[in-house]
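Colleague: Before I use any of these labels in my own work, I would like to hear how each was reached. Could you show me the model and then take my questions one by one?

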Amino acid sequence: MIVTDPIADMLTRIRNALRSKKVSVDIPASNMKKAIAQILLDEGYINNVELLNDSVQGTIRITLKYVNKQESVIKGLERVSRSGLRKYSKATEIPKVVGGLGIAILSTNKGVMTDKQARNANVGGEVLAFVW
């Protein structure tokens, strides 16, 4: 299957797994997806990230996190910049998600990072996704 926007595909797989109350979700691996999954883990939105070398590309297994085994920790995932319309932000204009309660994931020249890390490093970049 050819995917034109792999990051949107990753977010959709996570969103669908959360709606189905799945324990984990498998996603084809790439360096960008690994970085996004690591940010989600560091920020406490997911429980675990495993890298499975089962094919040429590999697979990322994300273990999802729930509160009281019913309600997902992730309330929303939104792809901001897409292949048809890229969204860039200066360091001083990085958007806050849900009044600062969520995170924005940015791709900068210093790597993939959260909005808070980008503000501290005073770098802007492409706004990939919002998570709350």
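**Labels and their grounds**

Modeller: Let us start with Asn-122, which is found in the loop between helix 3 and strand 10, where helices (H or I, at least four residues) and strands (E, at least two) are DSSP runs numbered from the N terminus. Residues are numbered from 1 along each chain as its sequence is written. This is a predicted model, in which local features need pLDDT of at least 70 and side-chain atom pairs count only at pLDDT 80 or more, while totals for chains, interfaces and linings use all residues, and side-chain values use heavy atoms, with hydrogens and water left out.

Colleague: Why does Asn-122 count as exposed?

Modeller: Its relative accessibility is 57%, and exposed means over 50% relative accessible area, buried under 20%, and partly exposed in between (1.4 Å probe, protein chains only), so Asn-122 counts as exposed. Asn-122 also has a positive phi of about 55 degrees, although it is not a glycine.

Colleague: Which features describe the backbone and the surroundings of Lys-69?

Modeller: Lys-69 sits in the loop between strand 4 (66-67) and strand 5 (71-72), and its phi is near 60 degrees, again a positive value in a residue other than glycine. Its relative accessible area is 76%, over the 50% limit, and Lys-69 is therefore exposed. Between the C-alpha atoms of Lys-69 and Val-23 there are 9.8 Å in space, although the two are 46 residues apart in sequence.

Colleague: What makes Val-56 exposed?

Modeller: A relative accessible area of 90% puts Val-56 in the exposed class. Val-56 belongs to the loop between strand 2 (46-52) and strand 3 (59-64), and its C-alpha atom is separated by 31 Å from that of Tyr-66, ten residues away along the chain.

Colleague: How do you know that Arg-13 and Asp-9 form a salt bridge?

Modeller: The N to O distance between their side chains is 2.9 Å, and a salt bridge is a side-chain nitrogen of Lys or Arg within 4 Å of a carboxyl oxygen of Asp or Glu, so the pair meets the criterion. Both residues lie in helix 1 (residues 6-19), four residues apart, or about one turn of the helix. Asp-9 is buried at 16% relative accessible area, whereas Arg-13, at 28%, is partly exposed.

Colleague: How many salt bridges does the structure hold, and which residue does Glu-126 pair with?

Modeller: There are six salt bridges, one of them between Glu-126 and Arg-86, with the closest N and O atoms 3.0 Å apart. This pair links distant parts of the chain, since Glu-126 is in strand 10 (residues 125-131) and Arg-86 is in the loop between strand 6 and strand 7, 40 residues apart. Glu-126 counts as buried at 11%, and Arg-86 as partly exposed at 42%. Another salt bridge joins Lys-75 to Glu-71 at 2.5 Å.

Colleague: Why is Ser-81 called buried, and what joins its side chain to Glu-126?

Modeller: Its relative accessible area is 0%, under the 20% limit, and therefore Ser-81 is buried. The link to Glu-126 is a polar contact of 2.7 Å, a term for a pair of N or O atoms within 3.5 Å, of which, within protein, one must be able to donate a hydrogen and the other to accept it, residues adjacent in sequence counting only if both atoms are side-chain atoms. Leaving aside neighbours within four places in sequence, Ser-81 is in contact (heavy atoms within 4.5 Å) with Arg-86, Lys-87, Glu-126, Val-127 and Leu-128.

Colleague: What makes Thr-114 buried?

Modeller: Thr-114, in strand 9 (residues 111-114), has a relative accessible area of 3% and so counts as buried. Not counting residues up to four places away in sequence, Thr-114 touches Ile-39, Glu-43, Ile-103, Ala-104 and Leu-106.

Colleague: Which residues line the largest pocket, and how are they divided by class?

Modeller: The lining includes Thr-114, Glu-43, Ile-103 and Arg-119, and helix 3 (residues 115-121) gives the most to it, with three residues. By class there are two nonpolar, three polar and five charged residues.

Methods: On a 1 Å grid over the protein atoms alone, a cavity is a set of points where a 1.4 Å probe fits but cannot get out, and a pocket is an open set with protein on both sides within 12 Å along at least five of seven lines; lining residues have an atom within 4 Å of a point. Ala, Val, Leu, Ile, Met, Phe, Trp, Tyr, Cys and Pro count as nonpolar, Asp, Glu, Lys and Arg as charged, and the others, Gly among them, as polar.
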